[in-house]
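Please read this briefing alongside the sequence and the structure. It takes up a few topics in turn.

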Amino acid sequence: MRRDIPPLAEVRRITEKKRDAWWTVLLVDPVATPLVRLTAMRTRITPNQITWGAFVLGLVSAACFAFGDWRWLIAGALVYHLSFILDCMDGKVARLTGQGSVFGAWLDFIFDRIRVALCGVALMAGQYDRTGDTVYIWLALAVVGLDTLRYINSLEIFKIRYNMRKQIKARVREARRAENSAEVAFMEDLLRNNPSADIEHDIRKTSTVSAAGSEAGSEAGFGPASEPGSEAHSEAGSEETADSSQKPQGQVIDLQQEFRHRFPVYLRMRSFLLRHRIRTHLVSGIEFQMGVFIVGPLLDAVIEATLVSGALLLVFELAIIYKLLLSTRDFTRTIDSFDRDEVAAAA
């Protein structure tokens with residue numbers, strides 16, 4: 001038995017994501033995290049082996065769905081949830097034991113997509129065999145198509161946002177070399193790292209924070225900026241924030257300014273959800289899967305659950321696309337401001 005595994009509270013801090021789907025936060029982490037600690041302490045199971053276990057349980061769930069009877073639907077739903085718990089455990093074990101690998105991340109992603117496709121086809125095939133209703137054939141195509149669309153869209157949005165940040169950082173580095181200016185930070189990262197801050201108060205007070213990349217005032221109440229996508233966090237975060245409020249904050253770029261201006265209630269909702277580790281994208285691929293493969297089979301309402309889950313997924317995907325559109329406008333204004341500053345400096 002390994003004795004270097006920390007207590008459960010520390011394991012939660014190390015392994016649980018700072019933002020996650022509400023289904024994972026409320027219904028999976030309370031079970032998965034203690035199991036992760038026991039697994040790391042008492043076994044030599046690797047993250048890849050857990051990934052394989054989740055995939056095998058996914059196949060068992062698909063087999064249950066294929067029978068079509070309501071008893072098998074319930075069994076398939078329960079097995080699918082167990083499969084998802086294991087799917088969440090592999091990454092946690094990797095973070096806790098340092099056994100993560102690039103191949104493991106690829107394997108996890110591919111198995112997830114295969115599991116969703118097989119379970120979607122099996123579930124709808126079983127219901128078609130039971131009822132003869134051709135709507136289940138279309139629902140099978142819809143489930144596979146929506147899951148694929150969700151992950152393609154998320155990857156493309158990530159690439160666009162990464163490129164925008166990369167271009168802005170390059171321009172700021174040029175300005176820093178010329179004027180020895182401070183480092184750049186992104187408002188979105190600052191809000192994520194300090195969800196307990198009074199965002200509306202800080203924005204009103206910090207009038208110099210804008211899409212043009214102005215200096216953040218000492219009243220902003222944010223700690224040092226993190227790299228894009230970083231989830232670094234410490235238990236002393238509030239103390240670091242308090243100390244850093246007396247230090248120069250550097251240049252803050254807000255690529256969500258127009259979105260927050262149009263939807264001010266988003267700030268309050270975001271802060272509340274982040275304090276509970278829940279991301280604002282309330283219906284993502286995870287919630288879609290749970291609606292189709294757990295809620296629908298448990299209630300014997302596959303058609304209704306699939307339609308509602310699919311509609312909500314599309315609504316939130318469109319919201320993300322709209323948010324990206326507004327963010328690109330902020331990006332354009334930021335780049336234009338750099339150009340104007342360069343012209344003014346040259347003059």
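Is Cys-64 buried or exposed? Cys-64 is buried, with a relative accessible area of 8%. The model is predicted, and the mean pLDDT of the chain is 83.

**Confidence**

- Of the residues in the chain, 81% reach a pLDDT of 70 or more.
- Helix α3, which spans residues 47–67, has the highest mean pLDDT among the elements of the chain, at 97.
- The lowest mean pLDDT among the elements, 38, belongs to helix α9, residues 237–244.
- Over residues 206–249 the pLDDT stays under 50. For this stretch the model has 79 contacts beyond four places in sequence.

**Cysteines**

- The structure holds zero disulfides.
- A disulfide is a covalent bond between the sulfur atoms of two cysteines.
- The cut-off for a disulfide is a pair of cysteine sulfur atoms within 2.5 Å.
- Cys-64 counts as buried because its relative accessible area of 8% falls under the 20% limit.
- Cys-88 is also buried, with a relative accessibility of 17%.

**Nonpolar surface patch**

- Four residues, Leu-78, Val-295, Leu-298 and Leu-299, form a nonpolar patch on the surface.
- Together they have about 370 Å² of accessible area.
- Which element gives the largest share of the nonpolar patch? Helix α12, residues 285–299, contributes three residues, the largest share.
- Leu-299 is part of helix α12. With a relative accessible area of 62%, Leu-299 is exposed, because exposed means over 50%.

**Positive phi angles**

- Arg-277 is not a glycine, yet its phi is positive, at about 65°. The residue sits in the loop between α11 (265–275) and α12.
- Asp-300 is another residue other than glycine with a positive phi, near 50°. Where is Asp-300 placed? Asp-300 is in the loop between α12 and α13 (302–346).
- Asp-300 counts as partly exposed, with a relative accessibility of 38%.

Terms used. Residues are numbered from 1 along each chain as its sequence is written. This is a predicted model: local features need pLDDT of at least 70, side-chain atom pairs count only at pLDDT 80 or more; totals for chains, interfaces and linings use all residues. Side-chain values use heavy atoms; hydrogens and water are left out. Patches are made of residues with over 30% relative accessible area and no salt bridge: like charges are joined within 9 Å, nonpolar side chains (Val, Leu, Ile, Met, Phe, Trp, Tyr) within 5 Å. Accessible areas come from the Shrake-Rupley method with a 1.4 Å probe; for residues, only the protein chains shown count as cover. A salt bridge is a side-chain nitrogen of Lys or Arg within 4 Å of a carboxyl oxygen of Asp or Glu. Helices (H or I, at least four residues) and strands (E, at least two) are DSSP runs, numbered from the N terminus. Buried means under 20% relative accessible area, exposed over 50%, partly exposed in between (1.4 Å probe, protein chains only). pLDDT is the predictor's confidence in each residue, from 0 to 100. Contact means heavy atoms within 4.5 Å.
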